[in-house]
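User: I'd like to learn how to read aromatic ring contacts in a protein model. Can you walk me through it?

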Amino acid sequence: MSEFKVTSAISLKDRPTKVVINDAKNELKKIRKKLGELQDTMYAHGKYAVLVCLQGMDTAGKDSLIREVFKDFNARGVVVHSFKVPTPLELKHDYMWRHYIALPARGKFGVFNRTHYENVLVTRVHPEYILGENIPSVNSVEDINDDFWNARFEQINNFEKHIADNGTIIFKFFLNLSKEEQKYRLLRRLGKEEKNWKFSPGDLKERKLWEAYQTCYEEAINKTSKAHAPWYTIPADDKPSARYIVAKIIYETLKTYTDIAEPELDDAIKANIELYKQQLNNE
C-alpha cells in the first residue's frame, strides 16, 4: 500500500481516484477483525494512541468508511469526532483548541471526520470565515496573506510533531474523489427519498469551487506530509476498495510497532494463580 503514501510533492490530478480490489468487502472483514484484536492489545498496553484523520470533498464516503472499518472495534476503544462549523465557545479559543481536547488517550483510537485541516482548506477557499476567529492581527481579508497560511502550516506541523513525539500514531487520509463520481452521488441523494436528508443546497455551491478546493488540498498535503504524520491519497470512487485500503494501511503500519503487547502479570500474582482459582472454587 506504499503507492498511496505521499513521500514527496504530488499533483492530485496525477493520483488515481479509482482502484478496484477484487473481493474488497470480504478482505475488509478479515482485516478489520485483526484490527479489532490489535486494538484490544493496544488498549491493554496503554502506551500509544492512534489518530486517524479523514478529509475529502462532500460525498467522498467518510461516514461509511468509519462505520465499516471500525465495525469490529470494542466501543470503549474508539472515539469519533465530526468537526462542523466552530461554535461560539470554540471561536473564543485558538483554532487548534477544539482538536487538541478531542485527541485520543493512550490505548485508544480517535477518528477525526474532517479535521484540523479544515483551518487551511475551507477557510482558505472562504477567507472571510477567518474574521470570525477574532484574531488580533487580522482586521480584514487583506490581512490573510501567504505569510498567514504558511504560519498555519507550520503550526499544524508543530502540533502533529508534538503529539507524535508523545505517543500518538498519526494517519492522514485524503479520500480522492473524482468530480464525476461526486455528481453521481449527489444525484443519488436527490433520487432516493431515504437519502434526501443528506443533501444541502450548499453542496452545489461548494461543488462550483471544486478546483479551488483541489488546489488547497494539494498544497496542504505537500506542506504537511511528514514521516511522523504522513498523508495517503486514497482512490475514493469505489467505496469498498477505499475502505479496504485504509484498513490495510492502518493494520500494516501498526504491526511494525513490535513493542505493542499485552502487559505481563506481576510475578507474585503469576505465582499464586492456582491459589486464586482454589479460592474461587471453594466459595
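Predicted model: local features only at pLDDT ≥ 70, side-chain atom pairs only at ≥ 80, totals over all residues.

User: What describes a pair of aromatic rings?

Analyst: The distance of the centres and the angle of the planes describe a pair of aromatic rings. This structure holds 11 aromatic pairs. Take Tyr48 and Tyr257: their centres are 5.1 Å apart, with 70° between the planes. Planes over 60 degrees apart count as edge-to-face, so that's the label for this pair.

User: Where in the chain do Tyr48 and Tyr257 sit?

Analyst: Tyr48 is in the loop between helix 1 (24-45) and strand 1 (49-56), while Tyr257 is in the loop between helix 10 (239-254) and helix 11 (267-271). They're 209 residues apart, and their pair links distant parts of the chain. Tyr48 is buried at 17% relative accessible area, whereas Tyr257 is partly exposed at 28%.

User: How are the rings of Phe174 and Tyr217 arranged?

Analyst: That pair is tilted, with 4.5 Å centre to centre and 35° between the planes. Phe174 belongs to strand 4 (residues 168-176) and Tyr217 to helix 9 (residues 210-224), so the pair ties together parts 43 residues apart in sequence. Phe174 is buried, at 1% relative accessibility, and Tyr217 is buried too, with a relative accessible area of 3%.

User: Which residues form an aromatic cluster?

Analyst: Phe70, Phe73 and Phe109 form one.

User: And what sits over the ring of Tyr95?

Analyst: The charged end of Arg152, 3.8 Å from the ring's centre.

Conventions. Residues numbered from 1 in each chain as written. Heavy atoms only, no water. Phe/Tyr/Trp six-rings, centres within 6.5 Å; stacked < 30°, edge-to-face > 60°. Helix = DSSP H or I, 4+ residues; strand = E, 2+ residues; numbered from the N terminus. Buried < 20%, exposed > 50% of the residue type's maximum accessible area, 1.4 Å probe, protein only. Lys NZ or Arg CZ within 6 Å of the ring centre and 35° of its normal.
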